[in-house]
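Subject: Structure handover

Dear colleague,

I am passing on the structure below for your files. My notes on what was found follow it.

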Amino acid sequence: MKSDSKNVKIIAIVGMSGTGKSVAVDYLTEQGIPKVYFGGMILKEMTKRGIEITPDNEREFREKIRAEEGKDWVVRQVIAETKDLIEAGQKRIVLDGVYSWTEYKALKHEFPGELTFIAIITSKPLRYARVAIRPERPFNEAKIRERDQSEIENLEKGGPIVAADYFVMNDGTIPEMHAQLRHILDQIKF
């Protein structure tokens, strides 16, 4: 069943690993906007099944559950959680971590007119440098190249990024990225 909510605005933040998606999402959640985290659906299910949470296990499980339960398994969970937030009276929601073209299409279908995709992008050398030093799930260059290939080929992650409504070039400072986001949010009256 499609959402029939009025005056609801949903932002979906997309991008490759290391672009600054989490920084963008944090900027929104610090303003009191609730988030629905795609990766959280995977982590919840891994915990439920007693699977140790490691980067390799997470990647393997992410691909396995989509193969077993359908490419739309994660997005079905996200749609349900988003609708729960809307029913609870939330008018602004941020979605963190749309991975696949299937997810993109399902969200566009479910929330027509309510959903805006914002892609966070950055140059590859800077992205790889950020991923290597981040505190959670750091990757060396070989691992991040492997992850990129897996996400693009197996999860169709490139589609939602290319089809985004707006783009934030995150090669500068965090305040510069926030300013770009604020400009977009003002344009869409979020």
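**Cavity**

Helix α3 gives the most to the lining of the largest cavity, with five residues. Helices here (H or I, at least four residues) and strands (E, at least two) are DSSP runs, numbered from the N terminus. Please note that this is a predicted model, in which local features need pLDDT of at least 70 and side-chain atom pairs count only at pLDDT 80 or more, while totals for chains, interfaces and linings use all residues. Residues are numbered from 1 along each chain as its sequence is written, and side-chain values use heavy atoms, with hydrogens and water left out.

On a 1 Å grid over the protein atoms alone, a cavity is a set of points where a 1.4 Å probe fits but cannot get out; a pocket is an open set with protein on both sides within 12 Å along at least five of seven lines; lining residues have an atom within 4 Å of a point. Grid points are joined across faces, edges and corners, and a volume is the space filled by probe spheres set on the points.

By this rule there is one cavity of 30 Å³ or more. The volume of the largest cavity is about 110 Å³. Its lining consists of Pro55, Asp56, Glu58, Arg59, Arg62, Arg137, Phe139, Lys143, Glu146 and Arg147. Two or more of the lining residues come from each of α3 and α7. By class, two are nonpolar, none is polar and eight are charged. For these classes, Ala, Val, Leu, Ile, Met, Phe, Trp, Tyr, Cys and Pro count as nonpolar, Asp, Glu, Lys and Arg as charged, and the others, Gly among them, as polar.

**Pocket**

The largest pocket has a volume of about 800 Å³. It is lined by 34 residues, and those nearest its centre are Gly18, Lys21, Ser22, Arg134 and Arg137. At least two lining residues of the pocket come from each of α1 (21–29), β2, α2, α3 (55–69), α6 (124–133) and α7 (141–155). The most, five residues, come from α1. The pocket lining divides into 10 nonpolar, 10 polar and 14 charged residues.

**Sheet**

Five strands form an open sheet in the order β2-β3-β1-β4-β5, with parallel pairing. Strands β2 (35–37) and β5 (166–169) are at the edges with a single partner strand each, so one side of each has no neighbour in the sheet. On average, neighbouring strands of this sheet are turned by 25° against each other, direction ignored. Two strands are taken to pair if DSSP finds at least two bridges between them.

Strand β1 (residues 9–14) pairs in the parallel sense with β3 (residues 92–96) over five bridges, and with β4 (residues 115–121) over five bridges, again parallel. On the β3 side, Ile10 has Ile93 as its bridge partner and Ala12 has Leu95. On the β4 side, Ile10 stands opposite Leu115. Five of the six residues of β1 are buried, so this strand is largely enclosed by the rest of the structure. Buried means under 20% relative accessible area, exposed over 50%, and partly exposed in between (1.4 Å probe, protein chains only).

**Helices**

Helix α2 (residues 38–48) lies across β2 and β3, at about 50° to β2. Helix α5 (residues 101–110) lies across β3 and β4, at about 150° to β4. Axes are lines fitted to C-alpha atoms, for helices over the stretch in contact, and angles run from 0 to 180 degrees between N-to-C directions.

In α2, the buried residues include Phe38, Gly39, Gly40, Met41, Ile42, Glu45 and Met46. Among the elements that cover the buried residues of α2 are β2, α3, α4, β3 and α5. After α2 comes Gly50, with a positive phi near 75°.

Thr82 is in helix α4 (residues 73–87), and is buried, with a relative accessible area of 0%. Beyond its neighbours within four places in sequence, Thr82 is in contact (heavy atoms within 4.5 Å) with Ile10, Val36, Ile93, Leu95 and Phe111.

Gln187 is in helix α9 (residues 174–187) and counts as partly exposed, at 43% relative accessibility. Gln187 and Val131 are 56 residues apart in sequence and 31 Å apart in space, C-alpha to C-alpha.

Regards
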